[in-house]
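Q: I would like to learn how to read aromatic features in a model. Where do we start?

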Amino acid sequence: MHKPMAHRTLMAVLAHPDDESTTLGGTLAFYASRGVRTILVTCTNGEYGDRPYGIKPGPGHDTQAVAAIRVEELRLACEHLLVSDLELLGYHDSGTVEWDYKNKAIAFCNMPLEEVASEITALLREYRPQVVLTHEPTSTRHPDHRHASQATTMAVEVTNIPMKFYYTAHGTTYWERIRRALARNGIARPKPGIERLQVTDRIDREITTSLDISSVLERKRAALYSHRSQIHNSTAAKVPAGEWSEVFRTEEHIRIYNSTGASTPEDDLFAGIA
């Protein structure tokens with residue numbers, strides 16, 4: 001029997017609809033199921049996600065229609081993950097690093113960092129979470145992930161409200177589990193190059209916190225599949241249901257700030273919080 005964790009609050013700040021499911025959906029569901037108030041802050045509406053049937057942005061891409069679909073998918077995912085409160089900042093998706101959309105003035109990655117941090121700061125003061133999580137900024141090539149992470153880091157430093165602050169981590173071990181599972185099912189995923197391995201190996205070395213999410217794995221999977229418009233492009237969705245326990249049973253994080261005195265490694269984001 002797990003001890004109830006009432007009067008505790010966790011906030012995750014992520015860039016796009018579906019990031020919550022692929023990145024830390026198990027973490028959100030795990031703590032929500034134990035009485036923690038979980039706040040998800042999604043910075044953009046995902047305008048440059050796929051159109052239905054996996055069609056990439058291009059001529060005729062209706063950003064407003066795509067955004068409407070993705071926000072509805074996000075709301076359904078949050079129901080599966082038992083998210084207490086969803087906050088939509090409403091910024092415009094920048095697209096991937098390979099596309100020119102990121103150069104537009106309205107792109108989230110071009111919004112002043114102080115402006116975004118100010119909005120996150122206001123939410124930190126409203127909800128007063130003991131634990132905050134966001135993207136690991138150096139391992140991702142997505143400009144929106146980096147911007148969300150930098151703005152969150154700035155807000156945490158300004159407010160000094162959270163007792164613990166984390167970057168979520170996908171290291172070499174994580175990606176190798178996925179690659180092996182896909183290979184067992186006839187799906188070839190190329191091995192990463194040396195430069196990429198250097199990055200993910202470093203992430204593995206920096207991991208401080210491993211959370212067993214086996215008890216909420218089906219919630220994480222249901223949340224992922226709520227994003228039906230994006231599922232064609234999802235590596236995680238290609239992992240067969242029978243492999244999920246092996247591949248996704250653990251979610252890992254890197255502790256960046258801690259005022260509790262709790263030691264690492266740890267298996268609980270709230271370790272050290274009375």
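A: Start with accessibility. Buried means under 20% relative accessible area, exposed over 50%, and partly exposed in between (1.4 Å probe, protein chains only). By that rule Trp175 is partly exposed, because its relative accessibility is 25%. Tyr174 is buried, at 8%.

Q: What kind of model is this, and how is it numbered?
A: It is a predicted model: local features need pLDDT of at least 70, side-chain atom pairs count only at pLDDT 80 or more, and totals for chains, interfaces and linings use all residues. Residues are numbered from 1 along each chain as its sequence is written, and side-chain values use heavy atoms, leaving out hydrogens and water.

Q: How many aromatic pairs are there by the ring rule?
A: A pair of aromatic rings is described by the distance of the centres and the angle of the planes. Rings of Phe, Tyr and Trp (its six-membered ring) pair if their centres lie within 6.5 Å; planes under 30 degrees apart are stacked, over 60 edge-to-face, the rest tilted. The count is 7 aromatic pairs. One of them joins Tyr174 and Trp175: centres 5.0 Å apart, planes at 80°, so edge-to-face. Trp244 and Phe248 have centres 4.4 Å apart and planes at 55°, so that pair is tilted. Both Trp244 and Phe248 are buried.

Q: Which cluster do Tyr174 and Trp175 belong to?
A: Tyr174, Trp175, Trp244 and Phe248 form one aromatic cluster.

Q: Which charge lies over the face of Trp244?
A: A charge sits over a ring if NZ of Lys or CZ of Arg is within 6 Å of the ring centre and within 35 degrees of the ring normal. Arg221 lies over Trp244, 5.7 Å from the ring centre. Arg34 lies over the face of Phe30, at 3.9 Å.
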